[in-house]
Amino acid sequence: MLNICIFAGARPNFIKVAPIIKAIKKAQSEKADMAFKLVFAGTAGDATLEPSLFDDLQIGRPDVFLGVDSTSLNEITGRVMGEFEKYLDVNATDVVIVVDDLASTMAAAIVTKKRGIKLAHLVAGTRSFDINMPKEINRLVIDALSDLLFTAGEGASTIAAREGANLSNVYLVGNILMDTLRSCHNRLRRPAVFDDLHLEDKRYIVFTINRHALLANKENLRAMIDAALQSAIGMPIVAPLRGTARDTIAAINPEKEKFIIIDPLPYLEFGYLTAHAAGIVTDSGNVAEEATFNAVPCAMLNSYTEHSETVKYGSSVLVGEDAGTLRQAVADMTAGRWKKCSLPDRWDGRTAERIIRIIATL
């Protein structure tokens with residue numbers, strides 16, 4: 001029996017591990033001798049885990065909640081290490097799958113290797129090349145420890161190899177997020193807010209933001225929002241926001257009839273909102289990848305992207321934190337001017353299948 005632990009550190013991780021869970025269950029139905037447990041670093045009452053999330057993704061809730069609810073990165077690291085150690089003490093585990101680059105992800109990776117257990121990193125080889133970013137340190141540590149590095153694109157595979165990973169341990173499996181998007185595409189739900197706000201398909205801009213550095217520079221943030229509003233002629237900007245991002249944007253007090261802050265949406269409703277937008281302004285790599293899948297113009301509020309395919313082949317452009325560049329990008333969106341885009345290699349919805357086939361050989 002191959003015992004697999006799938007570790008999720010935060011809400012976005014579930015969107016990426018859902019296809020892995022489905023692939024394991026399919027393998028089990030075909031008599032594969034494997035079992036899994038889904039472990040979440042946080043608490044059962046985590047406010048970001050709306051009740052509909054697991055139904056939308058068609059997976060069960062985590063088997064285990066480690067109960068770590070701190071906001072301090074160092075405290076998260078220490079507490080997750082301690083709690084995950086306890087989990088491994090009582091649960092036979094042959095391989096641990098971790099996702100992305102959170103502090104909790106790094107903590108689980110460290111404990112896994114200290115226990116001599118195989119470590120698989122999903123979405124390996126991503127880099128911003130800014131060592132001042134905590135997530136960049138997490139990425140370096142996790143990749144260095146991993147026995148299996150599952151990458152989403154050629155660029156990530158090259159980075160992993162250049163940094164010393166054994167080529168036999170690096171697998172270009174494709175973008176796992178595409179598995180979820182393809183399986184959910186026909187189940188997207190039109191949000192009730194469409195009627196409330198009188199929104200029409202392709203006649204609004206979606207705005208999301210989360211990066212602390214962007215939120216901290218309120219003067220420049222106000223300038224960027226003003227620039228976007230000036231160019232979004234006749235189109236409202238709809239911003240599903242929570243927590244610090246919501247409070248910060250509300251305090252700037254943009255034109256409320258044109259820049260509309262709404263509550264966060266369930267996964268399938270948010271997917272509908274972004275898929276039917278005229279354009280998206282975001283600092284989220286995941287949202288940018290979804291935009292490429294849906295061929296929706298996307299202006300990224302970053303000067304880099306960990307997934308270069310979304311810029312090289314996809315629908316994203318990098319506007320950084322420059323209000324003038326954002327103004328032009330939104331003007332192009334609303335006018336229907338945008339570059340041609342295509343889906344990168346192996347964004348075919350079969351990433352999880354490839355991963356489980358590889359893990360089954362362990």
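This is a predicted model: local features need pLDDT of at least 70, side-chain atom pairs count only at pLDDT 80 or more; totals for chains, interfaces and linings use all residues.

Trainee: Which residues of helix 5 are buried?

Mentor: They are Glu136, Asn138, Arg139, Ile142 and Asp143. Viewed down the axis of helix 5, these buried residues fall within an arc of 155 degrees, so they line one face of the helix.

Trainee: What covers the buried residues of helix 5?

Mentor: The cover includes strand 4 (95–99), helix 4 (103–114), strand 5 (118–124) and strand 6 (148–151).

Trainee: Why is Arg139 called buried?

Mentor: Buried means under 20% relative accessible area. Arg139 has 3%, so Arg139 counts as buried.

Trainee: What makes the contact between Asp101 and Arg139 a salt bridge?

Mentor: The term needs a side-chain nitrogen of Lys or Arg within 4 Å of a carboxyl oxygen of Asp or Glu. For Asp101 and Arg139 the N to O distance is 2.8 Å, so the pair meets the definition. Asp101 lies in the loop between strand 4 and helix 4, while Arg139 is in helix 5, so the pair ties together parts that are 38 residues apart in sequence. Asp101 is also buried, because its relative accessible area is 10%. Asp101 and Arg139 belong to a network of salt bridges that also links Glu136 and Glu306.

Trainee: How many salt bridges does the structure hold?

Mentor: There are 23. One of them joins Arg189 and Asp56, at 3.2 Å from N to O. Arg189 sits in the loop between helix 7 (176–184) and helix 8 (193–197), and Asp56 in helix 2 (residues 52–57), so this pair links distant parts of the chain, 133 residues apart.

Trainee: What makes strand 3 and strand 7 edge strands?

Mentor: They belong to an open sheet of 7 strands in the order 3-2-1-4-5-6-7, with parallel pairing. Strand 3 (64–65) and strand 7 (170–172) each have a single partner strand, so one side of each is left without a neighbour in the sheet.

Trainee: How do you know that strand 2 and strand 3 pair?

Mentor: Pairing requires at least two bridges between two strands. Strand 2 (residues 34–40) and strand 3 are joined by 2 bridges, so they pair, and they run parallel. Val39 has Val64 in strand 3 as its bridge partner. Helix 5 packs on the sheet, touching strand 4, strand 5 and strand 6, and its direction makes about 135 degrees with that of strand 5.

Trainee: In what order do the strands of the 6-strand sheet come?

Mentor: The order is 10-9-8-11-12-13, in an open sheet with parallel pairing. Its edge strands are strand 10 (259–262) and strand 13 (316–318), each pairing on one side only. The twist averages 20 degrees from one strand to the next. Strand 12 (residues 298–300) and strand 13 run parallel and are joined by 3 bridges, and at least two are needed, so they count as paired.

How values were computed:
Residues are numbered from 1 along each chain as its sequence is written. Side-chain values use heavy atoms; hydrogens and water are left out. Buried means under 20% relative accessible area, exposed over 50%, partly exposed in between (1.4 Å probe, protein chains only). Helices (H or I, at least four residues) and strands (E, at least two) are DSSP runs, numbered from the N terminus. The arc is that of the directions from the helix axis to the C-beta atoms. Contact means heavy atoms within 4.5 Å. Axes are lines fitted to C-alpha atoms, for helices over the stretch in contact, and angles run from 0 to 180 degrees between N-to-C directions.
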